[in-house]
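Please keep the sequence and the structure in view while reading.

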Amino acid sequence: MKKQCIISISREYGSGGRDIAIRIADELGIPIYNRDLIRDIAQQMNMDETELKKYDEKARNRLLSRSVGKYTNSMEEILIERQFDWIREKADSGESFVIVGRCAETVLRGYPGLISVFVTGEEEFKIKNIMRYLLVDEEKAKEEEIRIDRKRRTYHNRYSDHKWGDSRSYDMVINSTPLGMEGTAAILLSYIQARMDVMQK
């Protein structure tokens with residue numbers, strides 16, 4: 001790529017957003033950053049990666065934490081700021097990459113190479129995917145869908161300046177159900193390539 005391209009992908013649980021992100025990164029030959037960025041941050045903070053993951057993509061517990069000015073004892077808040085700094089450093093390096101979640105479309109707003117996507121899906125499609133991912137029955141899959149999406153929505157709405165999934169705040173919102181993950185990735189790749197062509201001019 002002659003110019004930097006950063007693809008930010010947010011997603012509803014079960015929509016296949018992560019798998020779509022992987023397909024896009026593989027096709028473009030660029031890295032994808034998701035939960036693995038915790039590994040780098042854990043090393044920087046001299047902490048256990050497994051312990052740090054407990055606080056990943058969670059809004060701080062107001063009852064168990066305290067903030068004074070810009071200082072806080074909330075591990076959720078500390079990790080969030082470290083993640084946002086990590087994402088900005090990657091972007092500032094000029095590297096092209098795919099980033100999943102973590103309010104990246106807000107954190108990186110203003111970078112000319114940013115392309116932001118939100119992946120949604122129809123209920124039955126998402127539940128079937130969750131059942132397959134987790135090897136659980138339909139009832140448990142629905143419980144997990146509600147829990148994870150509530151967690152993502154709370155986190156995003158706390159640290160972003162727009163509502164999670166609001167179509168006005170992304171370059172594209174796409175329903176992965178009609179074409180499945182492979183077809184949806186193909187459509188997004190066409191859009192990304194078109195945007196990249198414009199960037200090169």
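## Salt bridges and backbone angles

In this predicted model, the side chains of E77 and R158 meet in a salt bridge, with 3.1 Å from N to O. This pair links distant parts of the chain, since E77 lies in helix α4 (residues 75–92) and R158 in helix α7, 81 residues apart. E77 is buried, with a relative accessible area of 10%, whereas R158 is partly exposed, with a relative accessible area of 34%.

| Pair | N to O distance |
|---|---|
| E77 and R158 | 3.1 Å |
| K126 and E145 | 3.4 Å |
| R147 and E144 | 2.9 Å |

The side chains of K126 and E145 meet in a salt bridge. K126 lies in helix α6 and E145 in helix α7, so the pair ties together parts that are 19 residues apart in sequence. Both of these residues, K126 and E145, are buried, and together with E12 they are linked in a network of salt bridges.

Turning to the backbone, C103 has a phi near 55°, a positive value in a residue other than glycine, and lies in the loop between β5 (97–100) and α5 (104–107). C103 counts as buried because its relative accessibility is 1%. L135 also has a positive phi, near 55°, but its place is in the loop between α6 (123–134) and α7 (138–159), and at 76% relative accessibility L135 counts as exposed.

Key: Residues are numbered from 1 along each chain as its sequence is written. This is a predicted model: local features need pLDDT of at least 70, side-chain atom pairs count only at pLDDT 80 or more; totals for chains, interfaces and linings use all residues. Side-chain values use heavy atoms; hydrogens and water are left out. Helices (H or I, at least four residues) and strands (E, at least two) are DSSP runs, numbered from the N terminus. Buried means under 20% relative accessible area, exposed over 50%, partly exposed in between (1.4 Å probe, protein chains only). A salt bridge is a side-chain nitrogen of Lys or Arg within 4 Å of a carboxyl oxygen of Asp or Glu.
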